[in-house]
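Here is a short report on a model of two protein chains. It begins with a single residue and widens out from there.

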Amino acid sequence: MKNLKKWWLFLAIAALDLSGWIWNPDLALAAGKSSMDFLLEIAGILPPVLILLGLFDAWVPRKLVEDHIGPESGFKGAFLSIMLGSLAAGPLFAAFPVALSLQKKGARIGNIAIFLGAWAAIKVPMILLEASYLGLRFSLLRTGLSIVGILASGWIVERLVPQPGGTA
Amino acid sequence: MTLPTILWGLAGIGTLISSLRDRKRTIQALKTSLKSFRGLLPVLMGMVALIGLILAALPPSLITKVFQMHSLAGYALVALVGTVITLPGPVAFPLAGTLLKHGAEFGLLATFITTLTMVGTVTAPAEIAHFGKRFTLVRQVVSLVLAISIGMIMAVLL
């Protein structure tokens, strides 16, 4: 049941397409066709990217870096947070538990924001994926600007959000 | 050589090297990959179906028009859509690629991608549960401003 719930969007649209078949077969057919095109395109690219992300996740030691992004870490800590976030696999909500454990081990709050931003927006294998759809120039430029922006957001969070002592 | 060939090649070589060094860890890594694939699949299929229907039902000129609105309102609109929906990169990029083919502008696409991946009303409750309201609000608002700025800068540079 829980699994079925995750499929709601697909099921809803499939039902819409099927019912559309009755009063507008052309539209339903076109919808099915453009969905298939999109799916085939993804099939060639997504699985290998996920394999690469899994390998990154397995080979980049988390524990090692956890010690290096604490309160005294400064710019080096911020840099490490970016690296750490951009090398991990999984969607953003998978990053929250990891970031929380980093925070509990003493990572500063700004670095947590940097880590989450990097996890969401920067991924090394994902640059390939982005470049394949939008061009290498677009991908590199967006990544570069994101790094600057994410560092800035860490700085702002550091100043506006109190370092959790008793709150966390 | 096409991109899927390169990517599959890299994944194959990576898996090979990894399994030569540590078999168990490689199996673990591939399990992680499979798990993220399974997790992505429902969202992905939903997106695929939705995009198919949207592209078939709406005239391309209309979608293109939204992604060509070269004004603050255009950026705000695109950022709003990207904020409400949260998509992981593997789904966001193919979507952006499709929009690009239909004539979307680079700057608006950059804003769209950045909000899709970094800002999320869907993931906000989880973020609040872990780090509190204040952290979540500050991070998301800053990311939103960041997304719009990145888009505008890229529109000038590309």
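Leaving aside residues up to four places away in sequence, A:Asp17 touches A:Ala28, A:Ala31 and B:Leu53. This is a predicted model. A:Asp17 is found in helix α2 of chain A. A:Asp17 and A:Ala31 are 14 residues apart along the chain, and their C-alpha atoms are separated by 7.4 Å. A:Asp17 counts as buried because its relative accessibility is 17%, and the cut-off for buried is under 20%.

**Where the chains meet**

The contact from A:Asp17 to B:Leu53 crosses from chain A to chain B. How many residues of each chain are in contact with the other? There are 66 in chain A and 68 in chain B.

The size of an interface is often given as the accessible area lost when the parts come together. Between chain A and chain B, the buried area is about 6,300 Å². Carbon and sulfur atoms give 83% of that area. In chain A, the residues that lose the most area to chain B are A:Phe38, A:Trp59 and A:Phe96. Together these three account for 11% of what that side buries.

What polar links span the interface? The rule finds eight residue pairs in polar contact, both residues at pLDDT 80 or more.

Several helices of chain A each supply at least two residues of the side that touches chain B. They are α2 (8–23), α3 (25–43), α4 (46–59), α7 (92–104), α8 (109–121), α9 (124–134) and α10 (136–160). The residues on this side of chain A divide by class as follows.

| Class of residue, chain A side | Number of residues |
|---|---|
| Nonpolar | 49 residues |
| Polar | ten residues |

**Chain B on its own**

Now the partner chain. Chain B has eight helices and zero strands. From the N terminus on, its elements run α-α-α-α-α-α-α-α. The C-alpha trace of chain B spans about 55 × 45 × 30 Å along its principal axes.

What share of chain B counts as buried? Of its 158 residues, 46% do. The accessible surface of chain B comes to about 7,600 Å². Carbon and sulfur atoms hold 74% of that surface.

Contacts within chain B also reach along the sequence. Among those between residues at least 6 apart, 74% join residues at least 24 apart.

Key
Residues are numbered from 1 along each chain as its sequence is written. Chains are lettered from A and ligands numbered from 1 in the order in which they are written. This is a predicted model: local features need pLDDT of at least 70, side-chain atom pairs count only at pLDDT 80 or more; totals for chains, interfaces and linings use all residues. Side-chain values use heavy atoms; hydrogens and water are left out. Contact means heavy atoms within 4.5 Å. Buried area is the accessible area (1.4 Å probe) that two parts lose on being put together, summed over both. A polar contact is a pair of N or O atoms within 3.5 Å; within protein, one must be able to donate a hydrogen and the other to accept it, and residues adjacent in sequence count only if both atoms are side-chain atoms. Helices (H or I, at least four residues) and strands (E, at least two) are DSSP runs, numbered from the N terminus. Ala, Val, Leu, Ile, Met, Phe, Trp, Tyr, Cys and Pro count as nonpolar, Asp, Glu, Lys and Arg as charged, and the others, Gly among them, as polar. Buried means under 20% relative accessible area, exposed over 50%, partly exposed in between (1.4 Å probe, protein chains only). Accessible areas come from the Shrake-Rupley method with a 1.4 Å probe; for residues, only the protein chains shown count as cover.
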